[in-house]
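Please read the following walk through the model with the sequence and coordinates open.

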Amino acid sequence: MQLDDQFEPEDGEQSETPVAFVSTQEPVNLRVSRVEDDRMPEGMICMGTFFDDRLIARSAVTPEALAELTDRNVFQTPVRLALAAVEEEPGLQCRLFALLPLEQLQAAQEDPDEPWAASVPRYEDAVEEPEDEDAVASILLGHIVRFEKDRKHASDLAAEAADVLRTILSDDHPLTDVVDKLLDDLLGDA
């Protein structure tokens with residue numbers, strides 16, 4: 001697995017807090033489904049993201065959001081993973097994203113109840129400016145924390161972020177235990 005580790009702020013913006021952005025170069029197979037978790041806020045459910053049948057991330061989403069992803073088979077083809085990391089207590093705060101080519105996401109959003117619609121020209125398509133072929137949409141899969149005491153590259157944020165992403169995709173990562181501990185710490189005995 002190779003990782004890209006370039007990050008450039010959009011529109012020339014400069015962040016006060018350094019951010020590292022790393023991604024897989026090759027797409028990976030993911031699956032999302034509901035994961036039972038009593039700690040979810042009212043009206044939300046826990047969406048689990050699985051890689052090789054291993055839970056790699058959790059996120060609180062609405063039931064409708066998860067249904068949209070699963071009903072439209074958004075993850076039926078492999079996608080790239082990306083991780084954005086910042087140095088914040090209790091060490092490294094990261095967000096894990098799925099990067100979907102925009103056309104893949106748009107194809108998933110087409111109404112399956114109207115298969116004939118693909119053969120009918122639409123005015124919107126005729127006047128629309130061509131999109132960037134490399135345009136991607138991101139879907140937040142979850143938050144990852146690496147505690148300060150567990151850091152391997154304390155002086156190199158990009159190397160640390162790459163190591164976190166590599167660990168998430170490895171066979172021996174302890175993510176589930178970390179997620180449970182963090183949720184317990186944050187929510188207490190709620």
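**Salt bridges, core and backbone**

The structure holds 12 salt bridges. The model is a predicted one, and the values that follow are computed from it. Side chains of opposite charge can pair when their charged atoms come close.

One of these pairs is formed by the side chains of Lys 149 and Asp 150, with N and O 3.5 Å apart. Lys 149 is exposed, at a relative accessible area of 71%, and Asp 150 is partly exposed, at 36%.

A second salt bridge joins Glu 160 and Arg 151, with an N to O distance of 3.8 Å. Are these two residues buried or exposed? Glu 160 has a relative accessibility of 0% and therefore counts as buried. Arg 151, at 12%, also counts as buried, because the cut-off for that class is under 20%.

Lys 152 and Asp 163 form another salt bridge, their closest N and O atoms lying 3.7 Å apart. This pair links distant parts of the chain, since Lys 152 is in the loop between S8 and H4 while Asp 163 belongs to helix H4, 11 residues apart. Lys 152 is exposed, with a relative accessible area of 53%, whereas Asp 163 is buried, at 11%. Both residues are part of a network of salt bridges that also links Glu 87, Arg 146, Glu 148, Arg 151 and Glu 160.

The largest nonpolar core has 34 residues, and the members that touch the most others are Leu 30, Phe 75, Leu 81, Leu 83, Leu 96 and Leu 141. At least two residues of this core come from each of the strands S2 (19–24), S4 (45–51), S5 (54–61), S6 (80–88), S7 (91–101) and S8 (136–147), and likewise from each of the helices H1 (63–71) and H4 (157–169). Which element supplies the largest share of this core? H4 does, with seven residues.

With neighbours within four places in sequence set aside, Phe 75 is in contact with Leu 30, Val 32, Leu 69, Ala 98, Leu 100, Ile 139 and Leu 141.

Thr 24 has a relative accessible area of 0%, so Thr 24 is classed as buried. The Thr 24 side chain reaches the backbone oxygen of Glu 26 at 3.1 Å.

In the loop between S6 and S7, where Pro 90 is found, a cis peptide bond joins Glu 89 and Pro 90, with omega at about 10°. Asp 52, in the loop between S4 and S5, has a positive phi near 50° and is not a glycine. Asp 52 is exposed, with a relative accessible area of 53%. Asn 73, in the loop between H1 and S6, likewise is not a glycine and has a positive phi of about 50°. Asn 73 is partly exposed, at a relative accessible area of 43%.

Note on methods: Residues are numbered from 1 along each chain as its sequence is written. This is a predicted model: local features need pLDDT of at least 70, side-chain atom pairs count only at pLDDT 80 or more; totals for chains, interfaces and linings use all residues. Side-chain values use heavy atoms; hydrogens and water are left out. A nonpolar core is a set of buried Ala, Val, Leu, Ile, Met, Phe, Trp, Tyr and Cys residues joined through side-chain atoms within 4.5 Å. Buried means under 20% relative accessible area, exposed over 50%, partly exposed in between (1.4 Å probe, protein chains only). Helices (H or I, at least four residues) and strands (E, at least two) are DSSP runs, numbered from the N terminus. Contact means heavy atoms within 4.5 Å. A polar contact is a pair of N or O atoms within 3.5 Å; within protein, one must be able to donate a hydrogen and the other to accept it, and residues adjacent in sequence count only if both atoms are side-chain atoms. A salt bridge is a side-chain nitrogen of Lys or Arg within 4 Å of a carboxyl oxygen of Asp or Glu.
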